[in-house]
Amino acid sequence: IAALEARNRDLQLLVEAGIEDASHLETTDVLQSVARRLAHLTSSPVADIYAVEGEMLRALVSYDHGTFDHSWEGVRVTLHDYPCSAIAVNERRVAVAASLDDPVLTPIGRDSLERWGYQSQLSVPLVARDQVIGILELSDYVPRDFGEHLELIEGLARVAGRALDNAVLFDEIRGRNVILHELVEFGSLITRASDVTELLRLAAKRLVETLDAADCDIFTLDGDTLCSRVSYDRNGYDDASVGHSLRVDDFPNTKAAIESQEIAVIASPNDPHIDAEERQVFAEWGFKSNLSLPLVIDGVVNGLIDIYADTPGEFTQYIDFLKTVGQLLAGALGKARLLERLEESNNELRELVDSGLEFGASLELDEVLYSVAGRMRGLADAEVCEVYSLEGADLITRSCVGRHGRDDAEIGVRRPLGSRRAAQRAVETRQPVAVRDAATDDDVSPEERVHFLTSGYPASIRLPLIVRGEVIGLVGLFEIGRAHV
């Protein structure tokens with residue numbers, strides 16, 4: 001009789017909890033009510049409710065010894081560290097560790113309980129729309145199996161599940177409205193921006209704010225090199241990084257995004273798709289996830305957006321939004337780059353006309369070569385430009401112009417072509433040969449490496465001079481910046 005009376009009391013409390021919870025409009029109120037009642041009815045000192053987010057749990061409510069611990073709300077923990085929680089999520093069933101010796105506990109799980117002084121724990125999955133969207137957890141400082149309260153616990157878990165599902169649905173609707181609003185704003189940005197730089201700056205700032213991200217970098221792509229155009233984080237714009245170049249091959253996730261022309265996501269620092277160097281970058285800046293969005297137009301990748309967050313996640317709710325943003329920015333960037341190329345072409349034609357007039361005004365070969373070297377140095381914004389003639393197996397310096405003018409000390413210096421790897425390859429292939437980093441590039445001999453690094457010329461390019469099908473000389477441009485190379 002006593003057992004039946006206790007069961008009736010529990011069922012009555014469950015009905016009352018449902019009526020009370022239905023009267024609340026705020027999801028937090030519902031979850032707090034469930035946690036409080038559950039702790040009292042089961043004589044458990046601690047009752048927690050978490051949302052499941054991939055391999056993480058995010059604390060929603062924590063009822064601890066009669067009060068709510070608001071400092072725990074929002075804290076994320078790894079599912080792997082809590083075996084009962086992992087079973088509840090992965091197997092969709094109630095999981096109990098009745099003591100620290102319970103075989104359900106892994107060594108990591110046992111350490112996790114001991115750290116808080118717990119000796120027993122129960123986890124119940126919160127299921128909605130055939131998915132585990134959260135867990136309800138009871139913890140105690142003494143061994144116990146919670147068996148006598150299991151039916152009541154499962155009933156209250158259903159109440160919590162419905163409340164959490166309503167919150168999720170509301171967040172999804174609110175999120176869709178936010179995304180629609182942001183798409184309208186992005187369309188407005190494109191029409192308002194005076195040039196492509198302003199557009200990319202506004203876009204990076206907007207993406208950080210919309211996604212609550214830690215950082216957004218936008219690059220243009222030239223061959224296998226990414227050139228930074230905009231970098232924005234919560235502290236503002238980082239203009240010092242603009243113009244820096246990165247090799248695509250150094251970033252596997254980025255390379256995968258560019259090659260597939262699809263969004264690539266790193267959900268956590270432990271993702272197997274990133275290497276040790278990228279993992280170190282994550283650790284240094286506190287990043288927990290990353291998304292790389294290639295900017296594609298007419299089947300060609302023109303640029304890339306890199307977004308970093310300081311929380312783990314897969315950006316799932318933003319994928320469609322980001323794809324649309326990528327299409328808008330790719331179109332704007334493609335038009336801007338076309339205009340830039342047309343302007344560069346016009347400048348080059350004008351330069352050729354001006355150069356032809358200047359070169360034709362003198363019949364002195366040395367003066368012509370100095371004029372050519374000076375103009376090429378200025379156009380490439382290089383530190384030094386040298387012109388060589390090729391005589392047999394030797395290169396002979398015919399003109400040398402630096403930022404401060406002519407350097408006649410180099411005139412007539414003869415160097416074996418075989419000791420200059422980049423020059424030799426330019427002669428053999430009849431193609432320009434670029435050296436992006438003299439410290440590591442294979443096209444630099446040991447002798448050249450010492451000379452260039454000592455002189456402060458880490459980047460350079462060699463251009464073959466071809467007349468009637470034969471290479472008769474070379475032009476060398478030194479320290480022109482990796483982006484220009």
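Student: How many disulfides does the count come to?
Tutor: Keep in mind that this model is predicted. A disulfide needs two cysteine sulfur atoms within 2.5 Å. By this rule, the count is zero.

Student: Which cysteine sulfur is nearest to that of cysteine 385, and how far away is it?
Tutor: Cysteine 385 is in no disulfide. Cysteine 385 is buried, at 0% relative accessible area. Cysteine 400 is buried too, at 3%. The nearest sulfur belongs to cysteine 400, and because a bond needs 2.5 Å or less, the pair is too far apart at 8.3 Å.

Student: Which residues touch the most other members of the largest nonpolar core?
Tutor: This core has 30 residues. The residues with the most contacts to other members are Leu207, Leu211, Ile305, Ile307 and Leu322.

Student: What does leucine 211 touch, leaving out residues up to four places away in sequence?
Tutor: Leucine 211 is one of the core residues that touch the most other members. With those sequence neighbours left out, its contacts are Ile307, Phe315, Tyr318, Phe321 and Leu322.

Student: How many residues are in the second, separate core?
Tutor: Ala35, Ile49, Ala51 and Ala128 are among its members. Its residue count is 29.

Student: Is isoleucine 472 buried or partly exposed?
Tutor: Isoleucine 472 lies in strand β21 (residues 470–478). With Leu465 and Val467, Ile472 forms a nonpolar surface patch of about 210 Å² accessible area together. Its own relative accessible area is 43%, so isoleucine 472 is partly exposed.

Terms used. Residues numbered from 1 in each chain as written. Predicted model: local features only at pLDDT ≥ 70, side-chain atom pairs only at ≥ 80, totals over all residues. Heavy atoms only, no water. Buried < 20%, exposed > 50% of the residue type's maximum accessible area, 1.4 Å probe, protein only. Core = buried A, V, L, I, M, F, W, Y, C linked by side-chain atoms within 4.5 Å. Contact = heavy atoms within 4.5 Å. Patch = residues over 30% accessible without salt bridge, like charges linked within 9 Å, V, L, I, M, F, W, Y side chains within 5 Å. Areas by Shrake-Rupley, 256 points an atom, 1.4 Å probe, with all protein chains shown as cover. Salt bridge = Lys/Arg side-chain N within 4 Å of Asp/Glu carboxyl O. Helix = DSSP H or I, 4+ residues; strand = E, 2+ residues; numbered from the N terminus.
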